[in-house]
Amino acid sequence: MAKKPSSLVDTRVIYCGDNLEQLRKLPDGCVDLIYIDPPFNSNRNYEVFWGETKEKRSFDDRHASTAAYIEFMRPRCVELRRVLKKTGSFYYHCDWHASHYVRVMLDQLFGENNFQSEIIWKRTTAKSLAFSGFPNNHDTIFFYGGGDTLTWNRPFQEYDLDNLDEKTAAKYSHRDPDGRRYTLGDLTNPNPNRPNLTYEFMGHHKVWRWTKERMREAHAAGIVVQPSPGAVPRLKRYLDEQEGRPIDTVWVDIPPLNSQAVERLGYPTQKPLALLDRIISASSNPNDIVLDAFCGCGTALVSAENLKRQWIGIDVSPTACRVMAKRLRDVTSLVEDEKLWKVGRGFIVRDLPWSEDQLRKLPPFEFENWAVIALGGIPNKTQVGDMGIDGRIYPVSSAPAADGKAAGRLDFMDAWYPVQVKQKDKAGRPDIDAFEAMMTRSDRTKGFFVSFDYSRDALTEIDAFFRKSGKVIIPLTVNEILNEQLARKLV
Ligand SMILES: C[S@@+](CC[C@H](N)C(=O)[O-])C[C@H]1O[C@@H](n2cnc3c(N)ncnc32)[C@H](O)[C@@H]1O
């Protein structure tokens with residue numbers, strides 16, 4: 001792997017923070033390809049990472065939020081345009097909520113003449129049947145780029161030989177005895193003024209595409225044939241030798257992530273790798289720099305890494321940054337390590353809020369995620385239900401033995417410890433009382449509580465609860481977690 005493709009900018013870095021601020025730190029014209037998939041409504045923190053939940057909104061509501069959305073996106077797109085090379089490509093992923101306004105904004109910023117395509121990505125399942133009208137079943141991806149100098153590796157979709165569409169089957173209607181499909185191509189030259197290619201071949205005096213020698217060889221190899229005795233010779237073009245169907249702007253062949261997908265991390269906004277693979281392969285070359293400034297679970301970064309591109313990711317959510325760092329470690333050969341990064345073999349996450357002070361300022365939902373993930377647990381996605389706890393830890397020792405796994409036993413799923421998080425200066429006795437009630441109701445023997453500190457009453461109650469019931473509550477402070485760097489060890 002190359003150490004550093006650009007002296008202008010660091011790559012293989014995930015920046016945690018608002019992309020408006022992070023982008024301002026990047027120099028002009030430093031990246032080759034930008035893909036963004038911003039959340040429609042960034043004000044609602046909960047939905048930012050975990051997905052839009054309410055499809056049906058009144059027109060007024062929608063209009064107000066569309067205007068706010070464009071207002072939010074415009075300065076970010078200005079920055080994105082600035083950091084994109086003149087020869088670069090820009091992809092903006094959105095949907096029906098605001099695609100019409102986004103197109104107008106992008107035309108203004110990138111120039112109508114640099115508009116390349118509006119890609120329709122069909123998700124195979126409609127989003128919702130809850131309202132009247134046709135169910136929305138596609139996303140829109142706008143593609144802008146600088147004209148003639150654009151990097152473009154035309155993507156093809158391989159033909160499915162067992163399930164050919166009618167048009168292709170009609171075109172490749174001839175078959176060899178072994179069933180191989182072919183079509184017959186013209187061998188005459190469109191340019192009549194080629195004396196060196198003008199000769200008689202198989203009884204036909206014409207201007208040919210190939211030299212006489214090449215024609216003879218191809219005929220001997222059975223590739224140039226006369227479709228009927230005495231007919232003009234033609235070229236056999238085999239279907240299985242074609243690159244495939246050039247991919248157009250309607251993409252129906254990339255399914256959304258289903259619940260069983262191996263790559264799925266559990267976030268509804270996660271996009272399939274195949275989608276990013278297509279965009280990145282088409283619009284960049286190896287070692288080019290790919291930027292995703294709303295990178296969520298890091299799909300674009302994983303794709304870029306797999307395709308041997310350099311990458312930069314930005315996300316405002318510390319949870320998203322930790323999730324994608326773990327994903328990169330798990331599914332690529334990259335190590336999260338500053339020293340290795342410096343010699344071109346690792347990646348780093350910058351600007352995570354690690355100080356107590358920064359953690360105090362996080363929105364509650366982000367703080368809860370941070371704490372649960374720091375303990376190696378799984379945050380509770382719904383925030384309601386699940387008995388009001390914020391996450392669960394599944395201890396390693398609870399995994400079933402190999403024979404149990406083989407038999408499909410899932411009883412280990414019941415061995416979990418609840419995690420309760422309070423973003424408070426001091427968790428008090430009532431907080432502990434509520435957690436104890438939950439532990440008793442759900443028959444848990446051990447649980448973790450995280451807060452900045454605990455009142456004396458709270459700690460006394462934790463002891464009393466243990467003496468009374470034998471159940472253990474472990475009170476952890478944020479400071480303890482930070483000092484032990486638990487987040488780094490356990491995520
Ligand atoms: C729809 S998700 C992206 C999903 C991603 N394409 C994937 O496949 O995982 C949008 C992401 O944008 C992030 N985001 C929202 N506002 C942001 C901002 N101002 N700066 C940086 N990231 C932001 C959210 O935290 C969220 O992770």
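I started with Arg278, which touches Ile247, Trp251, Asp253 and Ile254, leaving aside residues up to four places away in sequence; contact here means heavy atoms within 4.5 Å. Before going on, I noted that this is a predicted model, where local features need pLDDT of at least 70, side-chain atom pairs count only at pLDDT 80 or more, and totals for chains, interfaces and linings use all residues. Residues are numbered from 1 along each chain as its sequence is written, and side-chain values use heavy atoms, with hydrogens and water left out.

Arg278 lies in helix H7 (residues 273–283); helices (H or I, at least four residues) and strands (E, at least two) are DSSP runs, numbered from the N terminus. I found Arg278 buried, at a relative accessible area of 13%. Buried means under 20% relative accessible area, exposed over 50%, and partly exposed in between (1.4 Å probe, protein chains only).

Next I looked up the ligand. I counted 22 residues around the ligand, and the closest are Asp37, Lys271, Cys297, Thr299 and Asp315; a residue is near if one of its heavy atoms lies within 4 Å. By class, this shell has nine nonpolar, eight polar and five charged residues.

Which atoms of Asn19 lie 2.9 Å from a ligand nitrogen, backbone or side-chain? For Asn19 it is a backbone N or O atom, whereas Asp18 places a polar side-chain atom 3.0 Å from a nitrogen atom of the ligand. I also noted a polar backbone atom of Val316 at 3.1 Å from a ligand nitrogen. The protein covers 98% of the 610 Å² of accessible area that the ligand has on its own (Shrake-Rupley method, 1.4 Å probe). Helix H2 (45–50) and helix H3 (59–83) are the elements that give two or more residues to the shell.

Then I turned to the rings. I get 15 aromatic pairs, with ring centres within 6.5 Å; planes under 30 degrees apart count as stacked, over 60 as edge-to-face and the rest as tilted. Phe90 and Phe110 are stacked, 4.4 Å centre to centre with 25 degrees between the planes. Phe90 sits in strand E3 (residues 84–94) and Phe110 in helix H4 (residues 99–110), so this pair ties together parts 20 residues apart in sequence. Phe90 is buried at 0%, and Phe110 is buried at 11%.

Phe115 and Tyr144 are edge-to-face because their planes stand at 70 degrees, with centres 5.4 Å apart. Phe115 is partly exposed at 21%, while Tyr144 is buried at 0%.

Notes:
Polar contact = N/O pair within 3.5 Å; in protein donor to acceptor, adjacent residues only side chain to side chain. Nonpolar A, V, L, I, M, F, W, Y, C, P; charged D, E, K, R; others polar. Phe/Tyr/Trp six-rings, centres within 6.5 Å; stacked < 30°, edge-to-face > 60°.
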